[in-house]
Amino acid sequence: MKEINEMPVIDFAPMEGITGFAFRNAHHKYYGGVSRYYTPFLNVQAESCFSRSDARDVLFENNKALLGDPACTLVPQLLTGHSETLILGIRTLAEMGYPEINWNMGCPSPTVTRRGRGAGLLAEPEKIDRILDETFSALEKEGLAVRLSVKMRTGLESAELFPELIEVLNRYPLSEIILHPRIAAQGYQGPVDEEAFAQALALCCQPLTWNGDVKCPEDMERIMERFPQVNRIMIGRGLVTEPDLAMEILKSFPEAETALSKKKSFAKNARQSENQADIEEHDIINVQPPANQAATEENCLSGCSLFGMFHDGILQGYQSYIPDEKGALARMKELWGWWGQAALFSNAGVPADVLPRALKKIKKAKSVGEYRTEVNRLLDSIGG
């Protein structure tokens, strides 16, 4: 990456069904490089506020390792189209100790937008204005010193109302606007609208964060060169697929050397202690790099072995609250839909037919034991 004056701040975007506390804890422990993790959206219900699963995801006891790191934080995200439930959600989270909360105005799912939530709100600037007015009035009245940010797109079916939306948001003391520069109708397909992002930069009174299509360090370089005044980037799909992406991006910045050293030291110590009972309460996938592997020991540690520990941490996290073995396996198998595209496997030099066959066996596994066997076989094949 070319030299850029200021080290970027990287946030992990929320992804429903994927970036819950099991994934977040493992990613923070084994990879890191992320400043803020955002929870998948929490549906606010008028009576109980959060469902049991949503409440579990924001419990401090399930996020204490991440929340205990002064260099990192967790931001809960709320999904609602009404001021009453937005206020209720903010109040509940503030009482739990969360100082920053995000309002989702960007989810493009038709099941969400049809109910006037997520990106469905973007078709009604007046409604957004009313919700924010009532929300900030209530926060002031109740003395709740909570930072509220929004995550949004440029529009629902078109970006015609985008300037008006920014004008509405400028009226309120939002801590930040996270902009995915696509309309909701695009989903995650087609080009991002860099001109719309440039327009937002010119119009916004609040700090602006880029979100969308950062899949490699070169993507980050291009965005920061196009928008040098933006140093905060949110990444979702790219970090799920390539869990080491944040640290790979930060490698070019001297300020990140300490964090990188800590992660490498942790990986080395963990691998040396693999067979000792005190490494973890669970077994770590045991991956030994082949003797003829061209990669250096450091690369092995940050690649195959580190991924194995990361993977195992997620599995253990799921098993901690999903009593049904099949339920935990279903969650892990969903992740392989992303990991199957990771450079760790595609650049491993294995025969072209090995990965598809291995993924097929992983997804067909009927027990945790069978599943772990197939995962180990795939990881052992790297470089072999």
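How far is the sulfur of Cys205 from the closest cysteine sulfur, and in which residue does that closest sulfur lie? In this predicted model, the closest cysteine sulfur to that of Cys205 belongs to Cys204, at 7.5 Å, which is too far for a bond. A disulfide is a covalent bond between the sulfur atoms of two cysteines. The cut-off applied here places the two sulfur atoms within 2.5 Å, and the structure holds zero disulfides. Cys205 is exposed, its relative accessible area being 60%, whereas Cys72 is buried at 8%.

Attention may now turn to helix H6, which spans residues 125-142. Its 18 residues reach 26 Å from the first C-alpha to the last, close to the 26 Å expected at 1.5 Å a residue. Several residues of H6 are buried, among them Pro125, Ile128, Ile131, Leu132, Phe136 and Leu139. The buried set also includes Lys127 and Asp129. The cover over the buried residues of H6 includes two helices, H4 (83-96) and H7 (162-169), together with strands S6 (100-105) and S7 (147-155). Just after H6, Gly143 adopts a positive phi of about 70 degrees.

Which residues are in contact with Thr209, leaving aside its neighbours within four places in sequence? The contacts of Thr209 comprise Glu176, Ile177, Ile178 and Leu179, then Phe197, and finally Arg232, Ile233 and Met234.

Technical notes:
Residues are numbered from 1 along each chain as its sequence is written. This is a predicted model: local features need pLDDT of at least 70, side-chain atom pairs count only at pLDDT 80 or more; totals for chains, interfaces and linings use all residues. Side-chain values use heavy atoms; hydrogens and water are left out. Buried means under 20% relative accessible area, exposed over 50%, partly exposed in between (1.4 Å probe, protein chains only). Helices (H or I, at least four residues) and strands (E, at least two) are DSSP runs, numbered from the N terminus. The expected span of a helix is 1.5 Å times one less than its number of residues. Contact means heavy atoms within 4.5 Å.
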